[in-house]
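The following exercises concern the structure shown below. Please work through each task before reading its solution.

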Amino acid sequence: MSESDWDTVTILRKKAPKAATLKTESAINKALRQGIPVETTQKFNAGTNKQHVATKNTAKLDRETDELRHKTVAPSVAKLIMQGRQAKGLSQKDLATQICEKPQIVNDYEAGRGIPNNVILGKIERVIGMKLRGKDIGTPLVPPGKK
């Protein structure tokens, strides 16, 4: 045999078929025709977007007559935020940048649509200098240590 034998073919590496090609219907049928055992399992909730199953409380929820909503900022607090901001000469955008929030949040709080968040209310209290939570709503905010 010589070194330049062109009749023999050497295959260095053959890639294994990918998992996606093994799952096709034609590949499964081919395996069944050849007598290779094929295992098929159906996954529970496969291909659906269901993350939670309906619980036994659905009848109880159906009987519920109350309309469930998030608690929003009280109109009195919304009015106090607006008055305090205007007294300081701030626009909604200026107040929002000072408390590191979006202007839409300040707008929602002043319109009474915002969901009360103690962190945000605390920031607004510090900027406008007025209590917005607790018993003495509307009183000037006393800096800590000066009581």
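**Exercise 1.** Locate Arg85 and determine whether this residue is buried or exposed.

*Solution.* Step 1: Arg85 belongs to helix H4; helices (H or I, at least four residues) are DSSP runs, numbered from the N terminus. Step 2: its relative accessibility is 9%. Buried means under 20% relative accessible area and exposed over 50%, with partly exposed in between (1.4 Å probe, protein chains only), so Arg85 counts as buried. Step 3: beyond neighbours within four places in sequence, Arg85 contacts (heavy atoms within 4.5 Å) Leu90, Ser91, Gln92, Leu95, Glu110 and Ile128.

The model is predicted: local features need pLDDT of at least 70, side-chain atom pairs count only at pLDDT 80 or more, and totals for chains, interfaces and linings use all residues. Residues are numbered from 1 along each chain as its sequence is written, and side-chain values use heavy atoms, leaving out hydrogens and water.

**Exercise 2.** Describe the setting of Cys100.

*Solution.* Step 1: Cys100 lies in the loop between H5 (92-98) and H6 (103-111). Step 2: Cys100 counts as exposed because its relative accessibility is 64%. Step 3: its phi is near 60°, a positive value in a residue other than glycine.

Terms used
Helices (H or I, at least four residues) and strands (E, at least two) are DSSP runs, numbered from the N terminus.
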